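Subject: A structure for you to look at

Hello,

I am passing on the structure we talked about, and my notes follow below it. Please have a look at it alongside them.

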Amino acid sequence: MELYAVKFGESSFRLSNVYRDMHHSEELVQIAWSFYIAKHNNKTICIDTGFRDENVAQQWGITLTDVADELRGIIGNLSSVDTVIITHSHFDHIENLDLFDKPEIIISKTDYETALQQCSPTIKEKLLQGPVVTVDNEYIYDNQFRFKVIGGHSPGSSVVYFESVHTNYIITGDECYWCDNLLSNRPNGVFSSTENNERFLNEAHHSGLIPLPFHDLQIFEHYPAVSNNIVRIL
């Protein structure tokens, strides 16, 4: 299996929005905005999609980066993507879904229903076109990726477990923003269910899983670069 992290933007974030036990620190830190691409069994899988709306990026203070040329070096044409796994329906995780042709889409049932109510018209149309697998609890994709609904960060937020080279990884959605959230078993402070978020972090922490979040710049400093905004994890 090949696995890549793709950074499509950066912004400043206040620590008080990341750790609820940091005494409301107002220190600004830089965070990444990213998604993942896996190649497995002759399939190309995107885990979340990012977004590209400049107006939304400006509202959030995000500097967007056009990574289209870099992506072509890994997957060629975007129409070649076979499956898109959506960890949750927040704009930065789903709003590029319309860039893909007709992939299979895997998403929690709760977030599917939320997306049909709250996402942009183009994303609603793409979801209605299908094919879509909506998940209540767990779903195993291609005997490799275990999609699990947690419901901590948002009511239907999910994570993706997988094993490679005898190492267990977890793509965390936004159940944690940084690797340290999971490694130190410390909630990130942004959730719809404190109980679900804390239960997930505690179980993942004690299982010794390698975390792969979507907003941690350390991912792009720790793993080998294949281009300016893409690193190879496996």
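Which residues of the largest nonpolar core touch the most other members? They are Y36, I47, L212, I219 and I233, in a core of 64 residues. A nonpolar core here is a set of buried Ala, Val, Leu, Ile, Met, Phe, Trp, Tyr and Cys residues joined through side-chain atoms within 4.5 Å. Strand β2 (residues 28-40) gives this core its largest share, eight residues. There is also a second, separate core of 10 residues, and among them are I150, I170, A204 and L209.

Before going on, a word on the source: this is a predicted model, in which local features need pLDDT of at least 70 and side-chain atom pairs count only at pLDDT 80 or more, while totals for chains, interfaces and linings use all residues. Residues are numbered from 1 along each chain as its sequence is written, and side-chain values use heavy atoms, with hydrogens and water left out.

Now the overall picture. The chain has eight helices and 13 strands; these are DSSP runs numbered from the N terminus, helices being H or I of at least four residues and strands E of at least two. The C-alpha trace spans about 45 × 40 × 35 Å along its principal axes. Of the 234 residues, 53% count as buried (under 20% relative accessible area, with exposed over 50% and partly exposed in between; 1.4 Å probe, protein chains only).

I47, from the largest core, is in contact (heavy atoms within 4.5 Å) with F35, Y36, A38, I85, T87, V160, I171 and F214, leaving aside its neighbours within four places in sequence. V231 lies in strand β13 (residues 230-232) and counts as buried because its relative accessibility is 2%. With the neighbours of V231 within four places left aside, its contacts include L3, Y4, A5, I219 and F220.

Finally, some backbone details in the loops. A cis peptide bond, with omega about 0°, joins G130 and P131, and P131 sits in the loop between α5 (121-129) and β7 (132-135). N41 is not a glycine, yet has a positive phi of about 50°; N41 is in the loop between β2 and β3 (43-47). N185, also a residue other than glycine, has a positive phi near 55° and belongs to the loop between α6 (179-183) and α7 (194-207). N41 counts as partly exposed at 49% relative accessibility, and N185 counts as partly exposed at 26%.

Enjoy looking around!

Best wishes
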